Amino acid sequence: MNPSMAITEAPGLFTADGLTGLIFLVMMAVTLIGGIISCCAERLVRAVAGLIVCFIGVAALYYFLNSPFVAMMQMLIYVGAVCITIAFAIMLAAPEESKKNGPAGPLSGPLGFITAGLVTIGLIVMAMRAKFTSLPKVSDGTMKEMGIQLLTSYSMVFELISIVLLIAIIGALVIARAGRSK
Amino acid sequence: MSLTLLNVIVAVVIAIAFAAANAAYLVWAERRGAARIQRRPGPNINGPFGLLQPPLDGIKLMTKQLMIPGGADKILFMVAPVLAMAPAIMSFVTIPFSKGIAAHNMEIGVLMIFAFASMGAMAILFAGWGSRNKYSVMASVRAVSQNVSYEIPMLITAITVVMVNGSMDLKAISTAQAGGFWHWNIFPSLHSPLMPISFIIFFICSLAETNRAPFDLGEAESELVAGFHTEYGSMGFGLFFMGEYANIVIGASLTTILFLGGWDCPFGMFPGVWWFLLKIYLLIATFIWIRWTFPRTTIYGLLNLSWKILIPISLFNLLLTAGLLKVF
């Protein structure tokens, strides 16, 4: 499917475009359902499970957009590392969590629905007004190409991210040391 | 286009069948191996050499009622066994058994297998937490901390091999080692003099990643009943068991491809799928042998081995290989 091509009418379901669209919709549904589960879950571990579903949906979208490397990194880092870390934090902090029954914030109830509706309408209007242009291809998504790009054009970004991670590690060590001496 | 699609579907079905058949018959092999080491006959009643035991066990497990304990988190309790088996099957899709036999060869095969293997820890966590049993929760925390800490040296070692071969494509890595056993990655070369140590680290890590003895603290029956699957019965337990054996096959396949030349013949003759199968089953036999002859380690010994010995050695190896690749 050519992205720059304007679609005037909906393609039939059993054409190549139709099936592609269907797959895309399924991925969107998985991502959204995961997000909704993780927002609405009463138990924190279920929220993590929803987050995993959401991440898998996003990884599927990356694969769909022809960049398997990013998709697999999404699986490895977000599902395999971040979610496990969150689950560990939950298990260490609150073994028996109960329903949250604190006072509701000012955005609960009708005001919250209105805010959400306004944001949705704003996003829809922005999307409808925006003119979608196809950008030049940066790389063909293969690992070699991405590696070359990361160490040449985007080397500054790459290094800055590694500095952020280094600071996070040092911060964790400082906190852990203070905890031990107390 | 449609023919490629058909090829992929047929290959995926074969991959699933291979995973399931291996899971079933490795249980038999394990029980026979254990019996041989402990000087008793093992399952030998049903069929010749007890070969009908796995299907009969399967029928028994499937006809049992699926019991869900009272306080359990129903959804997570049901999802966990599926999550244990499904990523293992996904990994089979990209493993090349020989030059022409691979369901879908990917450029990032190594990464894909690690990505799906990392989901196994999630299944253990959900199983332990969903059961609402203190033994299960303790076992799952142990098993996951073990999985996470052994994933690091395993990944670093895999990166070393990927650097030497210059590709993450499992087929390309195998092809690069063709032509006799002295070309295999396990032997030290100019660029990677510490390759045999890498192989040992990788093998230890794949034992630990699959929660096998001597690293089976997640299901240490002397203190934790049966670990994270204490509350599981019938096919829920069966799926955990099958997932474990499917993961063992994947670990052995990955070791074979990364270090032992894949489908290459040691003497440069008749390369083909039979060599691959021979190598992975020899590795699996070693897995079984180790399980029944080594005592279980302690959790401190286990974590110290990973963080204080394996990770520094593999990091040093990575730096050394990178430096040598740059110099030569």
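A crossing of two helices is called left-handed if the near helix is turned anticlockwise from the far one by less than a right angle, and right-handed if clockwise. This is a predicted model, where local features need pLDDT of at least 70, side-chain atom pairs count only at pLDDT 80 or more, and totals for chains, interfaces and linings use all residues. Residues are numbered from 1 along each chain as its sequence is written, with chains lettered from A and ligands numbered from 1 in the order in which they are written.

**View 1. H3(B) packs with H10(B) in a left-handed crossing.** Helix H10 covers residues 234-259 of chain B, and its axis runs 8 Å from that of H3(B) at an angle of about 30° (axes are lines fitted to C-alpha atoms, for helices over the stretch in contact, and angles run from 0 to 180 degrees between N-to-C directions). So the pair is roughly parallel (under 35 degrees; over 145 is roughly antiparallel, 65 to 115 roughly perpendicular, the rest oblique). Look for Ala84(B) and Ala88(B) on H3(B), and Gly243(B) on H10(B), among the residues in contact (C-beta atoms, placed from the backbone, within 7 Å).

**View 2. H3(B) also packs with H4(B).** Here the angle is about 175° and the axes lie 9 Å apart, so these two are roughly antiparallel. Pro87(B), Met90(B) and Ser91(B) of H3(B) meet Ile113(B), Phe116(B) and Ala117(B) of H4(B).

**View 3. Chain A touches chain B.** On chain A, 18 residues are in contact with 20 of chain B. H3(A) gives the most to chain A's side, with 11 residues (helices are DSSP runs of H or I, at least four residues, and strands runs of E, at least two, numbered from the N terminus).

Definitions and conventions
Contact = placed C-beta atoms within 7 Å.
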